[in-house]
Amino acid sequence: MAKRRGYAVLSALVALVVVVCAAIYVSVAADDGTSRGTFAGGRPHHDSSVAPASTGTWVGAWSTAPMGGEPGTEAEGLAGRSVRNVVHASTGGTSARITLSNLYGQSPLTISHASLALSAGDGTAAADAETMRRLTFNGGTGVVIPAGGQVLSDAVRLAIPHGTDVLVTTYSPTPSGPVTYHPHARQLSYVAQGDRTEDATGTPYTEQTPYWRYLTALDVLSNEATGTVVVFGDSITDGITSTVGANHRWTDVLSGRLRAAVESGDALPRYGIVNEGISGNQVLADGLGLPQALEQTRAGGTPIAENESGLGRFGRDALSRTNVKVVVIDLGINDILRNPELADPNRIADGLRTLVRQAHARGLKVVGATLMPFKGHQGWTPAREAVRQQVNAQIRAGRVYDAVVDFDKSLRDPYDPRRLRHEYDSGDHLHPSDLGFGRMGEVFDLNALKGAGQAEL
């Protein structure tokens, strides 16, 4: 009799577990990432902590390199303001996640709310309201990023078409010290007073900014891309003279070409392309460092230079990007231009070879570019021209990279190869025009992206 009662109790417990599990399953299956209630203040609650329902590969859709601490933000940061970064997705996906950086902060950065949405149109702070998603970090709506650190958000389900602008908004309620930023975005972003992270109208965003702040990456769970190409360079890769808001950097042109070729049936790898250019960047030397008083207060006492050298930032800005397969390097002209003495071409080439070795250790292919002409620029001299020619000779001889794109040959003036062709010159005789950036993207051999190894994740 006691045994029968024991079986009855056990059967009841099993039935209860089945009912509870079924209820959980139905609840999760019904969650499509849309609004499921409200928080205090009337903000919609978008559940972004549930794992994506679709399958695919996490790849980089957009990224940028943190350059330094924003001037004027040393004390307060952007406390009490919402920052709405506008970024352009090079590939599409069914879910998304972001990376926020406090690399140049001197104290912990508190982000109490963050959101992600598709833009309602070009050149606007307004969002498509149906796409507004609240971001979470480890399941919570807020996160504290230590000085010198970064954080990856949870994934949120949202269909992001390739070639669309995405709005990523953060709100910081308290002073945080210098704001980690990328100054030459060539894209207008926006700032609003107060917590307006989930405002879809864009009306409160009355301040425009040419910077990207805090945000360093947008990844997507993609069915149309299987990996990421990281383009690592200086102001020419940064697109410093391209039309603002037009996505005319040469990397944008390259991304469009690759996608069109794949869609037409060409046997090419399906990659997202991200831009890790920093204006003024050098292979060997750092830019200006933080003031000494700030260096002494950094976490662990370790100073970090603003505009850190290519050698110093390569691991962070290139090798650590999501699912990277190929690295493209266009770097070295500032080592010639900004060296108060005559640069050593062999040291520049050796520095580039060091980057290639680091990439090879991760199983990655490296495509490198020749250095373009700059006669007519105020820093040009015949001696510096000779250095450029010597670096290019080593690159063309196959002694630096796995494959080469000859930007020098493609953009130089046929009547004076030491200067840019007139229509490709922005006017400063160093940086290309939109037409010049377009030419760079067009002459890149897409077949050079084949044969990449598998990155360590």
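**Exercise 1. Determine which residues of helix H7 are buried, and identify what covers them.**

Solution. In this predicted model, the buried residues of H7 are Pro345, Ile348, Ala349, Gly351, Leu352, Arg353, Leu355, Val356 and Ala359. Here a residue counts as buried when its relative accessible area is under 20%.

The next step is to recall a property of helices. An α-helix has 3.6 residues a turn, so residues three or four places apart point the same way.

The final step is to look for the cover. The elements over the buried residues of H7 include the strands S19 (227–233), S21 (324–330) and S22 (365–369). Helices H5 (310–319), H6 (333–337) and H8 (382–396) are also included in that cover.

**Exercise 2. State how the span of H7 compares with the expected span, and find which residue caps its N-terminal end.**

Solution. Helix H7 runs over residues 345–360 and has 16 residues. From the first C-alpha to the last, H7 reaches 23 Å, close to the 22 Å expected at 1.5 Å a residue.

At the N-terminal end, the cap of H7 is Asp344. A side-chain oxygen of Asp344 lies 2.9 Å from the backbone nitrogen of Asn346.

**Exercise 3. Describe the largest cavity: its volume, its lining and the classes of the lining residues.**

Solution. Begin with the count: the structure has one cavity of 30 Å³ or more. The volume of the largest cavity is about 60 Å³.

Next, list the lining. It consists of Asp234, Ile236, Asp330, Leu331, Gly332, Ile333, Thr370, Leu371, Met372, Phe407 and Leu430.

Then sort the lining residues by class: seven are nonpolar, two polar and two charged.

**Exercise 4. Summarise the chain as a whole: its elements, its buried share and its contacts.**

Solution. The chain has 10 helices and 25 strands. Of its 457 residues, 54% are buried.

For contacts, consider those between residues at least 6 apart in sequence: 81% of these join residues at least 24 apart.

Notes:
Residues numbered from 1 in each chain as written. Predicted model: local features only at pLDDT ≥ 70, side-chain atom pairs only at ≥ 80, totals over all residues. Heavy atoms only, no water. 1 Å grid on protein atoms, 1.4 Å probe; cavity = no way out; pocket = protein on both sides within 12 Å on 5 of 7 lines; lining within 4 Å. Points joined across faces, edges and corners; volume = space filled by probe spheres on them. Nonpolar A, V, L, I, M, F, W, Y, C, P; charged D, E, K, R; others polar. Helix = DSSP H or I, 4+ residues; strand = E, 2+ residues; numbered from the N terminus. Expected span 1.5 Å × (residues − 1). Buried < 20%, exposed > 50% of the residue type's maximum accessible area, 1.4 Å probe, protein only. Contact = heavy atoms within 4.5 Å. Polar contact = N/O pair within 3.5 Å; in protein donor to acceptor, adjacent residues only side chain to side chain.
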